[in-house]
Structures are given as structure tokens and as C-alpha cells.
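Have a go at each task before you read its solution.

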Amino acid sequence: MPLSSPSAAARVRLRRGALGAAEPVRVLLLHGLAGSTSQWGAYAELADDAVEVWDGVLPWGAEGDPRWSVTEEPGRHVERALDEVPGGVDVVVVHSFTAGPALEVLARRGDIGAAVVVAPFHRRSPDAFTWDDAQYYLNGFHRILEEGLRIGAGDRVPPELRAAMALRVRERIGPYGWQQFFGAYLRSPGLDVDALRLPVLVVAGAEDFAAPPDDARALAAALPDGRLRMFDDCGHFAMAERPRDFADAVHELLYEVFPERVGSSGGARAVRTAS
């Protein structure tokens, strides 16, 4: 694979328009490494009627081009996705690996109203990393991928097949993809949190074995306008494991930031869900 090989650029697509809103709140959903837009399906169904839902399709997704990891910086693709949404993005909702690069981008921009960060990898000091961390994420990387497959497929895929599929995904990501993941993690203490003046909701699962819950606590505490929602009995994919709680947490943030554009009760969302 030549070092000069270009990968596909990030792109966006409209998943669901706002229902009857004169001025919709445009929400861009960004998946993590080897993730997919399907992980946001429940939230798209539960979102308030005033929300216009956009999917970001990133090169490091499940169907992406692994060549991106050899020479490219992930923040460039996050920035492109933000710029591709017609009318501009009001709220970014980002998961896992992509959270770090996305926060780096948001710290440089001032045109986003709020952010939701799900299962971030973040530490406040370089001294917080040890060789044990590198070993854990190198030798156990496939377990994170397997968990994503479990959440996505449920009991439809036997555990043995799921484990084999996770190893194939790991091979596809390759060493450069893993290096991009762990490199972003190692950079996290350098995040300019003081520049992130927008409201940021940090969501985490108390049982997350991939991104330690303490990472989410540390990030939320360091942000000038951060707030934390920790879900019990939940792992790395809160938006899929606790969809109603997740949607309600996002709705509360949107109503706080955009009270004139988002309903206070979420009643329309509840009616649609019941239907």
C-alpha cells in the first residue's frame, strides 16, 4: 500500500428531516473506529421533531477505506464532515475514537452550538499512561471490536463467529489504524479544554471496559461547560444500549441550548415512539 494512496473523504447524508420545525436544529452524528451509522438508528427515531439528523460517514467506518490511516490526520475528515452539512451544524454527537479528534477541531472553531461526546478516550495528564495501557489496548483491541459486533447483531451471530469476525475487522484496520487510535488517546492530555466554550454533554457507561468511565468523568470535570451522564448497566455504546435514556439526555441539552427551537417536553418524540 503506497504511502501516497489517498483514501475516500468524509461525507454526510441526511437521515431524517425535522418534522414541521421552522428552524430545525441540525445534529451531525459521527461514528467511531470501525463503527457505522446504524449505531445511531435508535436516536434518530427518538429525536425531537425539531431535530434534523445528519449522518457523518468517515473513512475509518466499517465500510471505509483503511488507507486513510497511513498518512492522514483524522481531524481533517471531521472538519470536512462539519463543513459539508448544508446550513451548518448546530450540534455534534460523536462516539469513541472520533471524540478526541472532534474535540480538537471544535477547540479551533466557534460555529458549533453544543456537543455530545459518547464514551471518550481522555486523560488529563501524560503521566496517566503506562506501558500496561499500551499492552491492554494492543492485545485487547479485538475485544472492543467484538463488543461493537455484539451490540449491533445481538444473538443473531454466535459468539465463536463474532470473535472470528472481530479478528477480521482488526486485520482490516491494521497497525496504522490502531496507531491512529492510540495516538489520539495519547494526545488527549494536550486538548485545549479552555478553548471549548460550548456546552458539552459527556455520556458514558459505567460498565465500559474499552473507554474507562473515569476518562469521561475527567473530561466533563475539565471542560468549562461540561456535564456528565453516567448510565449504569451500560457499556461502550450508550446510544444503542440505553437508547431512551440517551435520547432524553440529548434532548435536555438541546432544550437548554436552543429553547426557542426545541420543545420542552419531548411530547412529539414520545408519541412517535409509542406509535
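**Exercise 1: The pockets**

The largest pocket has a volume of about 650 Å³.

Some ground rules before the solution. This is a predicted model, in which local features need pLDDT of at least 70 and side-chain atom pairs count only at pLDDT 80 or more, while totals for chains, interfaces and linings use all residues. Residues are numbered from 1 along each chain as its sequence is written, and side-chain values use heavy atoms, with hydrogens and water left out.

*Solution.* Step 1: find the space. On a 1 Å grid over the protein atoms alone, a pocket is an open set of points with protein on both sides within 12 Å along at least five of seven lines; a cavity is a set where a 1.4 Å probe fits but cannot get out; lining residues have an atom within 4 Å of a point. Grid points are joined across faces, edges and corners, and a volume is the space filled by probe spheres set on the points.

Step 1: list the lining. The largest pocket is lined by 38 residues, and Leu-33, Ala-34, Gly-35, Gln-39 and Ala-62 are the closest to its centre. Helix 2 (68-71), helix 6 (141-153) and helix 7 (159-187) each give two or more residues, and helix 6 gives the most, with eight. Helices here are DSSP runs of H or I with at least four residues and strands are runs of E with at least two, numbered from the N terminus.

Step 2: sort by class. The lining of the largest pocket has 21 nonpolar, 14 polar and three charged residues. Ala, Val, Leu, Ile, Met, Phe, Trp, Tyr, Cys and Pro count as nonpolar, Asp, Glu, Lys and Arg as charged, and the others, Gly among them, as polar.

Step 3: turn to the second largest pocket, with about 220 Å³ of space. Its 16 lining residues include Arg-11, Val-57, Leu-58, Glu-63 and Gly-64, which lie nearest its centre. The classes are six nonpolar, six polar and four charged.

**Exercise 2: His-31**

Is His-31 buried or exposed?

*Solution.* Step 1: locate His-31 in the loop between strand 2 (25-30) and helix 1 (41-46). Step 2: read its relative accessible area, which is 2%, so His-31 is buried (buried is under 20%, exposed over 50%, partly exposed in between, with a 1.4 Å probe and protein chains only). Step 3: look at its surroundings. Beyond four places in sequence, its contacts (heavy atoms within 4.5 Å) include Trp-40, Leu-58, Trp-60 and His-95. The His-31 side chain also reaches the backbone nitrogen of Leu-58 at 3.1 Å.

**Exercise 3: The two sides of helix 5**

Which residues of helix 5 are buried?

*Solution.* Step 1: in helix 5 (residues 131-139), the buried residues are Asp-133, Ala-134 and Tyr-137. Step 2: they lie on the same side of helix 5, because they cover an arc of only 100 degrees around the axis (taken from the directions from the helix axis to the C-beta atoms). Step 3: Trp-131 and Asp-132 are exposed on the other side. Step 4: the cover over the buried residues includes helix 6 and helix 7.

**Exercise 4: Phe-121 and the largest cavity**

Which residues are closest to the centre of the largest cavity?

*Solution.* Step 1: the largest cavity holds about 120 Å³ of space. Step 2: among its 15 lining residues, Ala-99, Gly-100, Phe-121, Ala-184 and Ser-188 are the closest to its centre. Step 3: follow Phe-121, which sits in the loop between strand 5 (114-118) and helix 5. Phe-121 is buried, with a relative accessible area of 8%, and touches residues including Tyr-137, Tyr-185 and Ser-188.

Methods:
Polar contact = N/O pair within 3.5 Å; in protein donor to acceptor, adjacent residues only side chain to side chain.
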